[in-house]
Amino acid sequence: MANPNQTTAVVSACRNTVKRQTLTKHHRHRQELSDLIPGLPDHIAELCLSRVHPSLLYSVCLSWSRLIYSPCFPPFLSLYTVLSSKRTDHSDLTNSIQFFNFDPISSRWASLPPPPPDPPLRLLLRHPSFISRYLPIQFVSVSGHLILLAATAHNFSPALSRPLIFNPLSRTWVFGPQLASPRRWCAAGAINGAIYVGSGIGSYFSADVAKSVEKWDFLHNKKTAAVTGHCLTTRSKGSSWKWEKVKGLKDGRFSRDAIDAVGWRGKLCMVNVKGHAAKEGLVYDTEKDAWEDMPEGMLAGWKGPVAAMDEEVMYVVEEIKGALKKYDPERDDWEYIMESERLIGAQQIAAGGGRVCVVCSGSNNGGIVVLDVVAMPVRLWILETPPGFEAVAVHILPRMSQPDLLFPVPP
């Protein structure tokens, strides 16, 4: 039997070794970042370099390339994607999907850290009964976070009873508050830091669920956590760590499909059917807590996936024609920007940082179409996905941090 004193000594020695290794690693990192600009203190140099685009800093020298991935440097935007294997065995219900990040500065793909194992995340993407389409997996991006709100489990019940939140800067997943009515095939969106889910179905159809809408004030929770020094898992008394009901829908017509409720100028805009088909449209006024009919021109031009840039400018990509348009609220019309066969079959889009990113079905070899809408004329290119995968969804968020200090190094 081991001597307790010896065991204690061994444990203590191991802890000291780990501590020394950690301190050595951090010391080495500070040395690598030292003398960023000769003659200037590091904190002044960091302020100066933060005004330079990271793509220019990345290839200059090792210390600068490491700086842009450090916590002290403003995070640049990158892509977060849901990828699926290109294997087409629809009888296989394992439906393995992967969460990936694309770093536009290093041009590298990296997988996200795995979600919490308990409860296990089992999302159904394909099923023999729906050969021609994916089953929806619904995300929103809010305040620099990626939030999984709804999906279908293998028994055709809602896959999540609580939202699952990924923070790129801490590289962590946490669960949000319990939904009053877990859903799938619902309307999901965000505006002004608040998240909304509505309509849809649970394990079975319910008229009450199909007409109900819930709201979670995510930004309030984030600010509270920052002030108190706690993470988002903290549930202090009196906090708004909960979903609350808001004005419901008049009927269940918005439970027919998974719907993107687009946050735009203080309102949520949504239609009840995807694509080019005839549809109904509603607009939710967050200040008045009231639903109203969508303007005629907005509804008439909603012929594909829609996204809003900074909740201010709405873009649509017409699924059949492959045309990119921008909504003009003064004229209640969609302004034509450009057209490309690469955009035909558009299924989902994201807008941010002057880019519109498009996922199309059955085209571009599973890649993502990227449009620079700031450039004139608009520039278009295809971002290839990792070998063997095709894009299911894309979002634009700040780049992931590198807490292990193993920052990318220019080739």
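Biologist: Why does Ala-375 count as buried?

Modeller: This is a predicted model, to begin with. Ala-375 has 19% relative accessibility. Buried means under 20%. The value falls under that cut-off, so Ala-375 counts as buried.

Biologist: Where does Ala-375 lie?

Modeller: In the loop between strand 22 (368-372) and strand 23 (379-383). Its C-alpha atom is separated by 9.7 Å from that of Arg-355, 20 residues apart along the chain.

Biologist: How much of the chain counts as buried?

Modeller: Of its 411 residues, 49%. The chain exposes about 20,300 Å², and carbon and sulfur atoms supply 54% of that area.

Biologist: Which helices and strands are there, by number?

Modeller: Seven helices and 24 strands. Eight strands form an open sheet, in the order 11-10-9-8-12-13-14-15, with mixed pairing.

Biologist: What makes strand 11 and strand 15 edge strands?

Modeller: Strand 11 (244-245) and strand 15 (290-293) each pair on one side only.

Biologist: How do you know that strand 8 and strand 12 pair?

Modeller: Pairing needs at least two bridges. Three bridges join strand 8 (residues 187-191) to strand 12 (residues 259-264), so the two strands pair. They run parallel. Ala-187 has Ile-259 as its bridge partner in strand 12.

Biologist: What share of the contacts joins residues at least 24 apart?

Modeller: 55%, among contacts between residues at least 6 apart in sequence.

Methods. Residues are numbered from 1 along each chain as its sequence is written. This is a predicted model: local features need pLDDT of at least 70, side-chain atom pairs count only at pLDDT 80 or more; totals for chains, interfaces and linings use all residues. Side-chain values use heavy atoms; hydrogens and water are left out. Helices (H or I, at least four residues) and strands (E, at least two) are DSSP runs, numbered from the N terminus. Buried means under 20% relative accessible area, exposed over 50%, partly exposed in between (1.4 Å probe, protein chains only). Contact means heavy atoms within 4.5 Å. Accessible areas come from the Shrake-Rupley method with a 1.4 Å probe; for residues, only the protein chains shown count as cover.
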